[in-house]
Amino acid sequence: MQASDLGKEKKEANSVSPLMDIKNLSVFYGDKEAVKNVSMPIEGNKVTAFIGPSGCGKSTLLRTINRMNDQIDSAHYKGEIMYDGVNLLDKKIDVVSLRKEIGMVFQEPNPFPKPIITNLTHALKFYRTKKSEIQGIVETALKQAALWDEVKNRLNSSAQSLSGGQQQRLCIARALALKPQVLLLDEPTSALDPISSAKVEDLIIELKQHYTIAIVTHNMEQAARISDYTTFMYNGELIEYGETSQLFTNPKEQRTEEYLTGKFS
Amino acid sequence: MNRRISNNIATSVFILCAVVMIATLVYLLGYILTNGFAEIDWSFLSSNSSSFQEGGGIKNQLWNSFYILMMTMLFSVPLGVLGGIYLAEYSKPGKITNVIRTSVEVLSSLPSIVVGMFGLLVFVQYMGLGYSIIAGALALTVFNLPVIVRVTEDSIRSIPLKQKNASLALGITHWHTVKTVLVPAAFPGILTGVILSAGRVFGEAAALLFTAGLSTPNLNFTNWNPFESTSPLNPFRSAETLSVHIWKVNSQGIMPDVLEIANGSAAVLIIFVLIFNLSARIIGGVIFAKISGKK
């Protein structure tokens, strides 16, 4: 697959079938099966939440979508993740352009220990964005991440002088500057205080108008507040997938209900 | 024994160790500097050494030390930094990596006199370089390379994985991530390591005895053509460095002011090593502040 093929048929895909279709996906670390035969869609311009107890494979699943698990030598896959007519797990996929198109924000804010502006221009420069455009992209991304007003007068300050919540929004802005199609958020608020978390949540709801979002979260209330679809995973298996309103109020599976009511965690 | 007493004892032991350590250092530095300082003046630094008369200087030795240092760094820094990056980022765990890492460790624990003997056999005799600056620099490279590799690998490994992930998740290639995220973040550590190792190289004597030699030809400091035998830049001439000079003067010097020359040279050597160490800290800090932006 070429970089330019990604996203070509995005609009058709949106209207007809889900933007992304995970089919019979299994992920292994060596012999250990961390994700077991999961099939589910990820709908375009919606928020899909992944909930479940620690170690249930939800982060692994997320990190498989943008192939960050390739970093781990023992990781290997079975199954498919179809996106725009290509299988993202194909060996021939150029993971670099894949990751440009499918952005990721991690659990812990991880800005580069560089000036705020450099955090945003880091990838833009790599992709040889024209100098005349960079300023505008930076401003748009920071505005989308609701950070512009807080940092516009100190773009050359160190990103580490920002608060945790601001750092996380900077990381979101950094991903948005590349104009991705999909944003993968791996517990983006778990390291943040409640006020910062609320800001990030508002931001996610705002962003789904333009982006497809998949979010892993420990926080069930958060999943209920911001997501359109929810996936409950347990022990690497997908137990239940459905519309958030339905899954939270009227779960079909007993284990989902037990988890939601706190019988186990 | 109650907890408070054992706590106090532990605290006192640590303080005692620190005091012993600092006192030794201060005494040593103080002894060398007070003995040597009186001998240092401009004529000592800028005149030729004499073999049997009073009043010799250390001009050539000082120049040789810096020249060999520079050449050693020219060989060992690029090779060592790239090797360290390879070990930290590219090597896959396995037999080959283990062999490389073990080799680096063995190299770093080789006694410098052994490195000198190796240099004599390989660089001086087998490669036919003779007693020369280049043979000395190559021997010191063997001695210095493992330090640089280790420092680079450690500095890069100490950067949190989340930094690397951040860059990779933005669709940036591994090489560009190494170049623009990992190496800049590791740079202060690498630089500090390089400058500290420069201090070690500057003061090294044993590895140079049989490689750079014990004598310096007459140098003409107006002739900067590196291909002429009297040029200070000629890398194929023999060169006695400052620390070799200290050893030689002390062990076989027949001039009447042996002690003064040795003391003065030792003080000069120590002062330069101190300058290296202090500048390592200052430069590392300044560069880190520059890379990371205003606070």
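Visitor: Is the crossing of α6(B) and α8(B) left-handed or right-handed?

Guide: The crossing of α6(B) and α8(B) is right-handed; the term applies if the near helix is turned clockwise from the far one by less than a right angle, and left-handed applies if it is turned anticlockwise. Please note that this is a predicted model, in which local features need pLDDT of at least 70, side-chain atom pairs count only at pLDDT 80 or more, and totals for chains, interfaces and linings use all residues. Residues are numbered from 1 along each chain as its sequence is written, while chains are lettered from A and ligands numbered from 1 in the order in which they are written.

Visitor: At roughly what angle do the axes of α6(B) and α8(B) cross, and within what distance do they come?

Guide: Two packed helices are described by the angle between their axes and the distance between the axes. Here, helix α6 (residues 133-157) of chain B and helix α8 (residues 174-203) of chain B have axes that cross at roughly 150 degrees and come within 8 Å. (Axes are lines fitted to C-alpha atoms, for helices over the stretch in contact, with angles from 0 to 180 degrees between N-to-C directions; helices are DSSP runs of H or I, at least four residues, and strands runs of E, at least two, numbered from the N terminus.) The pair α6(B) and α8(B) is therefore roughly antiparallel, the term for angles over 145 degrees.

Visitor: Which residues make the contact of α6(B) with α8(B)?

Guide: On α6(B) they include B:Leu140, B:Asn144 and B:Val147, and on α8(B) they include B:Leu182, B:Ala186 and B:Gly189. (Residues are in contact if their C-beta atoms, placed from the backbone, lie within 7 Å.) By class, this contact has 10 nonpolar, 6 polar and no charged residues. (Ala, Val, Leu, Ile, Met, Phe, Trp, Tyr, Cys and Pro count as nonpolar, Asp, Glu, Lys and Arg as charged, and the others, Gly among them, as polar.)

Visitor: At roughly what angle do α10(B) and α11(B) cross?

Guide: The axes of α10 (residues 242-252) and α11 (residues 258-292) of chain B cross at roughly 160 degrees and come within 9 Å. These two helices are therefore roughly antiparallel to each other, and α10(B) passes α11(B) in a left-handed crossing. Among the residues in contact are B:Leu242 and B:Ile246 of α10(B), with B:Val258 and B:Ile261 of α11(B). The classes in this contact are 9 nonpolar, 4 polar and no charged.

Visitor: How many helices and strands does chain B have?

Guide: Chain B has 11 helices and 0 strands. Its domain assignment, which is automatic or from a database, gives domain 1 (1-37) and domain 2 (42-292). The C-alpha centres of these domains of chain B lie 31 Å apart. Domain 1 of chain B gives 6 residues to the contact between them, and domain 2 of chain B gives 5.

Visitor: How many residues of chain A are in contact with chain B?

Guide: In the model, 26 residues of chain A are in contact with 20 residues of chain B. On the chain A side, α3(A) gives the most, with 4 residues. That side has 11 nonpolar, 9 polar and 6 charged residues.

Visitor: Where in chain A is the pLDDT below 50?

Guide: Residues 7-15 of chain A, however, have a pLDDT below 50. Where pLDDT is low, the predicted coordinates should not be read in detail. For chain B the mean is 92, and 99% of the residues reach 70 or more.

How values were computed. Parallel < 35°, antiparallel > 145°, perpendicular 65-115°, else oblique. Contact = placed C-beta atoms within 7 Å. pLDDT = per-residue confidence, 0-100.
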